[in-house]
Amino acid sequence: MSGTDSSETTVFLANEDATAALGVALAGQLRAGDCVLLEGPIGAGKSHLARALIRARLGRMEDVPSPTFTLVQTYQADDVEIWHADLYRLSHPDEVLELGLDDAFASAICLVEWPDRLGGHLPPDALRVRLMAQGDGRMVQLTGGRPDLRAALAKAIA
Ligand SMILES: Nc1ncnc2c1ncn2[C@@H]1O[C@H](COP(=O)(O)OP(=O)(O)O)[C@@H](O)[C@H]1O
Ligand SMILES: [Mg+2]
């Protein structure tokens with residue numbers, strides 16, 4: 001089950017492997033300066049998607065811990081750094097600057113869980129990935145991002 005129009009793509013992810021496959025598809029499309037906002041409640045699958053994406057982009061089974069307490073984990077891929085952030089425990093949006101995330105938005109691939117904590121530091125062209133429980137699986141809604149990125153993604157996961 002999937003749907004695409006110019007502004008939104010929705011896909012049903014029947015199990016965790018389908019979520020991981022979306023991560024792998026994303027890994028193939030992202031480039032330096034791209035930001036992915038991972039939205040949805042605790043347990044939605046945000047970290048699961050990020051882990052699959054990071055491993056696919058690195059090309060190895062890297063240990064990818066949830067950045068719950070460190071707030072940020074960074075990884076060096078061949079051509080680009082990947083920043084994985086979990087901002088649930090961010091105390092103030094300006095802590096984004098202390099973490100160096102604003103610079104990373106320009107130069108790295110950034111995956112951000114709990115992006116509502118970014119306040120005014122939200123990068124304008126970010127791809128929004130919203131995960132919602134549906135039955136035993138998840139519904140995912142993709143909005144924003146580079147138009148060519150979402151089009152390529154829709155094709156990859158069709
Ligand atoms: N499409 C899916 N269907 C069912 N379970 C899923 C799906 N995607 C991920 N999960 C499961 O959801 C659980 C929570 O995932 P996690 O990534 O830790 O959530 P979050 O980071 O959003 O809190 C994991 O056990 C994962 O396997
Ligand atoms: Mg998480």
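Does Ala-158 count as buried or exposed, with 10 C-beta neighbours inside 10 Å? Ala-158 counts as exposed, because 10 such neighbours fall within the limit of 12 or fewer. This is a predicted model.

**Ligand 1**
- The shell around ligand 1 holds 16 residues.
- Thr-19, Gly-45, Lys-46, Ser-47 and His-48 are the closest.
- Helix H1 (16–27), helix H2 (46–58) and strand E8 (137–144) are the elements that give two or more residues to this shell.
- By class, the shell has eight polar, four nonpolar and four charged residues.

**H1 against H2**
- The axes of H1 and H2 come within 7 Å.
- They cross at roughly 45°.
- On the H1 side, the contact uses Glu-16, Thr-19, Ala-20, Leu-22, Gly-23, Val-24, Leu-26 and Ala-27.
- On the H2 side, His-48, Leu-49, Ala-50, Ala-52, Leu-53, Ala-56 and Arg-57 meet them.
- The residues of this contact divide into 10 nonpolar, three polar and two charged.
- Thr-19 of H1 and His-48 of H2 take part in this contact, and both are among the residues closest to ligand 1.

**H1 against H5**
- H1 also packs with H5, at an angle of about 135°.
- Their axes are 10 Å apart.
- H1 passes H5 in a right-handed crossing.
- Leu-22, Ala-25 and Leu-26 of H1 make the contact with Leu-153, Ala-156 and Ile-157 of H5.
- This contact has six nonpolar residues, with no polar and no charged ones.
- Leu-22 and Leu-26 of H1 contact H5, and they also take part in the contact with H2.

**Ala-158**
- Ala-158 is found in the segment after helix H5 (147–157).
- Ala-158 and Val-11 are 147 residues apart in sequence.
- In space, the C-alpha atoms of Ala-158 and Val-11 are 8.6 Å apart.

Technical notes. Residues numbered from 1 in each chain as written. Chains lettered and ligands numbered in written order. Predicted model: local features only at pLDDT ≥ 70, side-chain atom pairs only at ≥ 80, totals over all residues. Near = placed C-beta within 6 Å. Helix = DSSP H or I, 4+ residues; strand = E, 2+ residues; numbered from the N terminus. Nonpolar A, V, L, I, M, F, W, Y, C, P; charged D, E, K, R; others polar. Axes fitted to C-alpha atoms, helices over the stretch in contact; angles between N-to-C directions. Contact = placed C-beta atoms within 7 Å. Buried ≥ 20, exposed ≤ 12 C-beta atoms within 10 Å, placed from the backbone. Left-handed = near helix turned anticlockwise from the far one by under 90°.
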